[in-house]
Amino acid sequence: MNVTKKGRESMTRCALYGRISTRDKGQEVENQLVQLRDFTVKQGWEIVIEFTDSESGTKSDRPQFQEMFKAASQRKFDVLLFWSLDRLSREGVLETLQHLNRLTSHGVNYRSFTEQYFDSCGIFKDAVISILATVAKQERIRISERVRAGVANARAKGRRLGRPKVVVNAAEVRDLREAGKPFEEIGSALGVSAASAWSSVKSVA
């Protein structure tokens, strides 16, 4: 992360985010930054921070990616400029939309350098977000359908789903209770929770 000196208060404070994958042989993130810097000059923006990652875009635990969100939450910049949407994230539409909404919730705008329509400051903002939201909704539906199909398939094959049933010897619990032992100690001795120990005697009371 590179931080530049703060300029005039009236200028839009811009943060740059560049990323290359570990599989991007022969590429340098500086190639992205050069053009992003040139673009900010033409826009009359002030670059205050630069974030770069050499990580896969399919995960969000990238060090500089997380630093960027931390800075956004502290309102250290007004707009985030990135090369393209897939340089920001390749986690899928749903996760990417959540990242963008997270920036918006912090009062930070965003813009893609290569995708001019992808600009939260521009006239296409609502249309683009609406399309992404629709795609994300369909993605959630497909995930839900796959889960239900998997559950139905497992049941058809006679598999038990969920946590295995806890078996507690109620007689042992009663004996230990009569000996003055608390449910916490009984549960620990029998390898079950105190609630399971209590339920075993309650159900036959």
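Mentor: Let us begin with the chain as a whole. The protein chain of this predicted model has 205 residues, of which 36% count as buried. Its accessible surface comes to about 12,700 Å², and carbon and sulfur atoms account for 50% of that area. Eight helices and five strands are present, and along the sequence they follow the pattern β-β-α-β-α-β-α-α-β-α-α-α-α. Of the contacts between residues at least 6 apart in sequence, 68% join residues at least 24 apart.

We now turn to the part you asked about. Helix α6 covers residues 170-178 and helix α7 covers residues 183-190; their axes come within 10 Å and cross at roughly 135 degrees. Angles over 145 degrees would count as roughly antiparallel, and those from 65 to 115 as roughly perpendicular; α6 and α7 are therefore oblique to each other. The crossing of α6 past α7 is right-handed. On the α6 side, the residues that meet α7 are Glu 172, Val 173, Leu 176 and Arg 177, and their partners in α7 are Phe 183, Ile 186 and Leu 190. Sorted by class, this contact has five nonpolar residues, two charged residues and no polar ones.

The axes of α7 and α8, the latter being residues 194-202, come within 7 Å and cross at roughly 100 degrees. That angle lies between 65 and 115 degrees, so α7 and α8 are roughly perpendicular to each other. Here α7 contributes Phe 183, Glu 184, Ile 186 and Gly 187, while α8 contributes Ala 194, Ala 197, Trp 198 and Val 201. By class, six of these residues are nonpolar, one is polar and one is charged.

For a view of another part of the chain, consider Arg 111, which is found in strand β5, residues 109-112. Its relative accessibility is 16%, and because the cut-off for buried is under 20%, Arg 111 counts as buried. Leaving aside residues up to four places away in sequence, Arg 111 touches Phe 39, Gln 43, Trp 45, Val 79, Leu 80, Leu 81, Phe 82, Phe 118 and Asp 119.

Note on methods:
Residues are numbered from 1 along each chain as its sequence is written. This is a predicted model: local features need pLDDT of at least 70, side-chain atom pairs count only at pLDDT 80 or more; totals for chains, interfaces and linings use all residues. Side-chain values use heavy atoms; hydrogens and water are left out. Helices (H or I, at least four residues) and strands (E, at least two) are DSSP runs, numbered from the N terminus. Buried means under 20% relative accessible area, exposed over 50%, partly exposed in between (1.4 Å probe, protein chains only). Contact means heavy atoms within 4.5 Å. Accessible areas come from the Shrake-Rupley method with a 1.4 Å probe; for residues, only the protein chains shown count as cover. Axes are lines fitted to C-alpha atoms, for helices over the stretch in contact, and angles run from 0 to 180 degrees between N-to-C directions. Angles under 35 degrees count as roughly parallel, over 145 as roughly antiparallel, 65 to 115 as roughly perpendicular and the rest as oblique. A crossing is left-handed if the near helix is turned anticlockwise from the far one by less than a right angle, and right-handed if clockwise. Ala, Val, Leu, Ile, Met, Phe, Trp, Tyr, Cys and Pro count as nonpolar, Asp, Glu, Lys and Arg as charged, and the others, Gly among them, as polar.
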